[in-house]
Protein chains: 2
Amino acid sequence: MAYRQGLDAETVLQAAIELADLQGVEQLTLAALATKLNIKTPSLYNHIKGLPDLRKQLSRRGLVLIKEAMVEAVIGKAEDDALLAAGFAYVMFARKQPGLYDAISSLPDYEDPELQEAGSQVVLFILRILAPYGLSEEDALHVVRGFRSMVHGFASLEHRNGFRMELERDESLRRLLQTYLRGLRVAVK
Amino acid sequence: MAYRQGLDAETVLQAAIELADLQGVEQLTLAALATKLNIKTPSLYNHIKGLPDLRKQLSRRGLVLIKEAMVEAVIGKAEDDALLAAGFAYVMFARKQPGLYDAISSLPDYEDPELQEAGSQVVLFILRILAPYGLSEEDALHVVRGFRSMVHGFASLEHRNGFRMELERDESLRRLLQTYLRGLRVAVK
DNA sequence: GTATAATAACTAATATCATTAGTTTTGTAA
DNA sequence: TTACAAAACTAATGATATTAGTTATTATAC
């Protein structure tokens, strides 16, 4: 093999994402990644710090992309419409990029500052959608947790094949979010 | 070491659960498990089929126990009270037995019949709590999905340290469930 | 333009796993 | 008491990540 095929960190990350989306993040091994890139495993260390670091990169990229997907989805929408659209965008992302989504959710911990930053962006985004509801800061933060719980829980269960009944899944998600939003309208509590 | 120390499958499973709860299911290795049991790694194969099988056993046990915890929690309660109690019991279980809960939720797939059976028991349990609401079967199934999404999502995010704000977490969970239940009351939709 | 330094690939080696095969010891039942 | 099943063992294999040290290529400095 020719020396110097012009590999860089971004290319490696992209290949890792492809592998993860195809076979799950559990199956993402440096051996498989190196094979895909036509290099030997140790050569990967010129571009990544190691497997844990690579996983972290996947998580970070996933958080950035899922937030972008939500931002895109709420263009021209507000309040319940916007939250519904954001929720669907979240779940759709998890469907389209299961490995990347897995990387987000199968993280041992969010201790890393870069990950926290990316996570904060998601939270801030939801807070901005919530602005027109006129909630107190504390109330809004509880709602953010609720929203994240719903969409992450749904995406996660769906991904593990946790929904086995013959029942339209998009409809389940729509009802979940709408029921919650209806409850939010009723009492400010 | 003495031959025949009277080990059996249940003891091995218990030790595995302890390890998983202590260090996470990712760190549950046969090597560590064997060390804990004072045997050599290959000896484990007298009691388990292999690591994937062990993981499956953990998942199954977790599903059984989390359902039992919910059953216990709803004694003497009905409707919203029962659902709220079940939801809290679910999340409490995830807190108390993080490794076991991880085993439930970090499953590659639910293909296995035994796991499906255990999962069905959870679904059936929630359906029984929903009975007094007089929902159609289809409506009820959507609600079950919603409920599972909420509590799993909450437990999962909490476990990954996903909730970073200084904000009472139990209160977040209470509001999430109550808001949803309120929405359920408003319209039968 | 050539020398030098940084870089990206490589090979070799190590440690940790899970797993299988084959062996020894122990408990139990005939 | 003997024979067999079961539960432990040792030894070996193959996959994995990682580190150390080497070589070739690219880029930079002069």
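**A leucine and its surroundings**

A: Leaving aside neighbours within four places in sequence, Leu33(A) is in contact with Val12(A), Ala15(A), Ala16(A), Leu19(A), Leu44(A) and Leu54(A); contact means heavy atoms within 4.5 Å. A word on the source: this is a predicted model, in which local features need pLDDT of at least 70 and side-chain atom pairs count only at pLDDT 80 or more, while totals for chains, interfaces and linings use all residues. Residues are numbered from 1 along each chain as its sequence is written, chains are lettered from A and ligands numbered from 1 in the order in which they are written, and side-chain values use heavy atoms, with hydrogens and water left out.

Leu33(A) also belongs to the largest nonpolar core, which has 128 residues. Such a core is a set of buried Ala, Val, Leu, Ile, Met, Phe, Trp, Tyr and Cys residues joined through side-chain atoms within 4.5 Å, and buried means under 20% relative accessible area (1.4 Å probe, protein chains only). Leu33(A), Leu44(A), Leu58(A) and their chain B counterparts Leu33(B), Leu44(B) and Leu58(B) touch the most other members.

Of the DNA strand C atoms within 4 Å of the protein, 65% belong to sugar or phosphate and the rest to bases. Phosphate oxygens of DNA strand C lie 2.6 Å from a polar backbone atom of Leu30(B) and 2.5 Å from a polar side-chain atom of Tyr45(B).

Methods
Buried < 20%, exposed > 50% of the residue type's maximum accessible area, 1.4 Å probe, protein only. Near = heavy atom within 4 Å. Polar contact = N/O pair within 3.5 Å; in protein donor to acceptor, adjacent residues only side chain to side chain.
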